[in-house]
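Please read this briefing beside the sequence and the model.

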Amino acid sequence: MTLAILFSLTLTLEVPAETVAQTTRKWGLIRPWSLNCSLPPDRNKGTVLAYLASGGRVVHRRNFGDTTDESEVVSAEVSTDGTLNLRVFFPSLKQTREYGLIMQPDGTMRALYNRNEKREYTIRDGKFVANGNPTPPQHKCNNAQSAFNK
C-alpha cells in the first residue's frame, strides 16, 4: 500500500502545471482584442485590450487612445465549460480583479464576470451589474487593425 501511494505521488509530482502563457495561448487569448478593430484606440468602442506572452508570463495591456497601462495576469485556468478564468493585478487600481471570458463560436469573446477581491461584481452572468445589458463581443484584431501603437 505504501509503495502504491509513493508511486502515485511520484507521478503527480512529475506532471508540470501549465504556465499562464501556455494556458492563455491554448485558449486563444494572446492577441489584441477590441469591440471594433477598425477604430483607432479610444475610451469607447476603440479600446484595445492586448494580451502579450513572454516566457511563462502574460501582460494585459489596455490602450484607451490617450493613455495606456499594463498589468500582469497572475493566474489563468480553463473551467470544464470552456470559460477562461483570469486573475489580473492592476497596479493603477491597486487591486487584483478576477474575470471570466468565454470564446463564442464565431471567434469573438465575451466577459461572463468581472469582480474585485471582495467579490463585488461589475459584470455577472454575462451582464453589466449597473444596467443589466449583456457584455458585447470582443473581436480578434491583427496588429495592423488594432492600431495599438498609433
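The points below are grouped by topic, after a short note on the model and its numbering.

This is a predicted model, in which local features need pLDDT of at least 70 and side-chain atom pairs count only at pLDDT 80 or more, while totals for chains, interfaces and linings use all residues. Residues are numbered from 1 along each chain as its sequence is written, and side-chain values use heavy atoms, with hydrogens and water left out.

**The sheet**

- The model has an open sheet of 10 strands in the order 9-8-7-6-5-4-3-2-1-10, with antiparallel pairing; strands (E, at least two residues) and helices (H or I, at least four) are DSSP runs numbered from the N terminus, and two strands pair if DSSP finds at least two bridges between them.
- Strand 9 (127–128) and strand 10 are the edges of this sheet, and each has a single partner strand, so one side of each is left without a neighbour in the sheet.
- Strand 1 and strand 2 are antiparallel and pair over four bridges, and S34 has V48 in strand 2 as its bridge partner.
- Strand 2 is joined to strand 3 by seven bridges, again in the antiparallel sense, with R61 in strand 3 as the bridge partner of A50.
- The hairpin of strand 2 and strand 3 has two residues between the strands, and G55 there takes a positive phi near 65°.
- Strand 6 and strand 7 run antiparallel and are joined by six bridges, and G100 stands opposite Y113 in strand 7.

**The disulfide**

- A search of the whole structure finds one disulfide, a term for a pair of cysteine sulfur atoms within 2.5 Å.
- The disulfide is formed by C37 and C141, whose sulfur atoms are 1.8 Å apart, and the link is left-handed, with -80° about the S-S bond.
- This pair links distant parts of the chain, 104 residues apart: C37 is in the loop between strand 1 (31–34) and strand 2 (48–54), and C141 is in the loop between strand 10 (139–140) and helix 3 (143–146).
- Both C37 and C141 are buried, where buried means under 20% relative accessible area, exposed means over 50%, and partly exposed lies in between (1.4 Å probe, protein chains only).

**The largest pocket**

- The largest pocket is lined by 24 residues, and L49, N114, I123, F128 and Q138 lie nearest its centre; on a 1 Å grid over the protein atoms alone, a pocket is an open set of points where a 1.4 Å probe fits, with protein on both sides within 12 Å along at least five of seven lines, and lining residues have an atom within 4 Å of a point.
- Strand 7 gives the most to the lining of the largest pocket, with five residues.

**Single residues in loops**

- K94 lies in the loop between strand 5 (84–90) and strand 6, has a positive phi of about 55° although it is not a glycine, and counts as exposed at 71% relative accessibility.
- R119, in the loop between strand 7 and strand 8, likewise is not a glycine but has a positive phi of about 65°.
- Most residues other than glycine have a negative phi.
- T135, in the loop between strand 9 and strand 10, is buried with a relative accessible area of 5%, and its side chain reaches the backbone oxygen of A111 at 2.8 Å.

Terms used. A polar contact is a pair of N or O atoms within 3.5 Å; within protein, one must be able to donate a hydrogen and the other to accept it, and residues adjacent in sequence count only if both atoms are side-chain atoms.
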